[in-house]
Amino acid sequence: THNEAFPDDSHHHHGDDEPAHKKAKKTSLLDREGGVAAVGKTGSAGIPAIQQMQRWGAPASYCRMMQNLLESAAETGGDAYQTMGEVGEDLHLLLFDPDRFLFDHEAQNAHNMQLLYRKEKLYGRDEEENLITDTFCRVTRGKSEAFFIGGFSGSGKSMLVDTLTVRVKNVGGYVIKHKFDAISQDRPLSGVISAVNQLCLMIKHRLTSKRLAALSKQLKDDFGADIGLLARMLPNVCALSPEFSSLAGEVEDGNTSDKMNARSVSFALLRFVRLVSSPKRPIMLFLDDLQWADDTALDVVHTFLSDRMGSCMFFVGTYRDNEVQIGHAIFDLLQKLETSNVPTTKVSLTGLDRGDLNKMMSDSLGLYSRICKSLSDIVFQKTKGNPFFVLEFIQSLQSRDLLQYDSCQKRWLWNEDAIRAEEITDNVLHLLSSKLSQLPNKVRLLLKVMACFGTSTNESVIDYLSESPEYAGIRNGLEGAISDGFVELNAE
């Protein structure tokens, strides 16, 4: 175990015949005010070297490195360096990420110490990240493409897509997205329409008033009398021109239902996309959880991508490949895209390998990867490398004091035997259900209510419900749900 990083070996007797590396530990490195201090496991006053060096202001990580350099792996085992390559790797961490690996992390209470997990970092997906970036670069040359990402829940599909969104915006493109849920089948086309509706506001904020006026004229000329129908289908299109609002009001409900069937909706959306997209302003359409998508929504995707009259779109679809069977609409879409000669890329994300998981653990604990390798190997066995499961598992170890921060040694300590003996199921739901059961009642009430609305809920709904006696505390639970990672605020 790693409960004693610097054991006291003062009980050993050192004679003239002791090994050279032990004599070296007694060599004086610092001389303050006439005093000489040794850098062995035990200082001149019987104090462990890490504590004595810290008195001089040396970071614990640096002390740890010096200690391990003087140790012999053959005699002491533990964290002693095996090769100079390991020394180089640790020095690289200290140099390029000092806040995480060099400087000490202070906490008033060790129980309040937070893990340093990099939520924005995508581990072990370099190849896939390069692949999706290269695919988008081809789209900017004027030809639409599709990119499908399969994988288990928690494998990092959405994070892979997120790595590209900043690049898309930087080149002037638009990113629109929608996440399907289990009740999407009851609302055909609503997901795609919602995503394109987002696009209208992005265009308004992105374009100058002159270009906005030109686009509004193009829309009116192209749609003609159907501009009112478009405005009824995409309410945010009225933000592009005040005139569209009055035209939408002139459309009678009866006529709307007669004209707006699935085929006409698909064609209207395509005409809109043709006008607002171009190689200089490509549209990235990201549809998450395609395993729950309705057939008509995927038909619209095919209509977008197979168009040869000016639309420029990069479609990214993610799905849980363990929840789709042969005959699912996803495979029908793939077949149609192939028939239409639409370039299509398909990748499948598996769990992280041991090396990448070790990097993830190293970052989270702020420890050299060689030191936490034994722990990461156990975590790998328990989680099979699923990134989301890894984080939940580590947090559960911390909450049960199987992983603790030691304020004296300035590092995390753990009991490997106890962790190895943990009876943990491979199902992420086991950890999540345990975490949910410990939430305050107001937070659980909020999550129950939000679940009734699918994957997203308008904040005005929360405000409205909080006015009733039955849901009076629901608003107070929102902040807790956000801090615990169960709810995310969507600025869009």
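This is a predicted model: local features need pLDDT of at least 70, side-chain atom pairs count only at pLDDT 80 or more; totals for chains, interfaces and linings use all residues.
Residues are numbered from 1 along each chain as its sequence is written, and side-chain values use heavy atoms, with hydrogens and water left out.

The chain holds 24 helices and nine strands; these are DSSP runs numbered from the N terminus, with helices being H or I of at least four residues and strands E of at least two. Of its 492 residues, 48% are buried, that is, under 20% relative accessible area, where exposed means over 50% and partly exposed lies in between (1.4 Å probe, protein chains only). A contact means heavy atoms within 4.5 Å. Among contacts between residues at least 6 apart in sequence, 72% join residues at least 24 apart.

A look inside the chain comes next. A nonpolar core is a set of buried Ala, Val, Leu, Ile, Met, Phe, Trp, Tyr and Cys residues joined through side-chain atoms within 4.5 Å. The largest such core has 56 residues, and Phe148, Ile203, Leu234, Val237, Leu269, Phe272 and Leu290 touch the most other members. Helix α9 (residues 190-206) gives the most to this core, contributing eight residues. Leaving aside residues up to four places away in sequence, Ile203 touches Tyr174, Leu212, Leu215, Leu240, Phe272 and Val276. A second, separate core of 37 residues includes Leu94, Tyr123, Met360 and Leu375.

Two packed helices are described by the angle between their axes and the distance between the axes. For helix α15 (residues 295-306) and helix α16 (residues 329-339), the axes come within 10 Å and cross at roughly 20 degrees. The two helices, α15 and α16, are therefore roughly parallel to each other, a label given to angles under 35 degrees. Their contact involves Asp295, Leu298, Asp299, Val301, His302 and Leu305 of α15, together with Ala329, Ile330, Leu333, Lys336 and Leu337 of α16.

Finally, the backbone deserves a glance. Most residues other than glycine have a negative phi. Leu189, however, has a positive phi near 70 degrees; Leu189 sits in the loop between β4 (174-179) and α9, and counts as buried at 7% relative accessibility. Lys384, also not a glycine, has a positive phi of about 60 degrees and is found in the loop between α18 (373-383) and α19 (387-399).

Methods:
Axes are lines fitted to C-alpha atoms, for helices over the stretch in contact, and angles run from 0 to 180 degrees between N-to-C directions. Angles under 35 degrees count as roughly parallel, over 145 as roughly antiparallel, 65 to 115 as roughly perpendicular and the rest as oblique.
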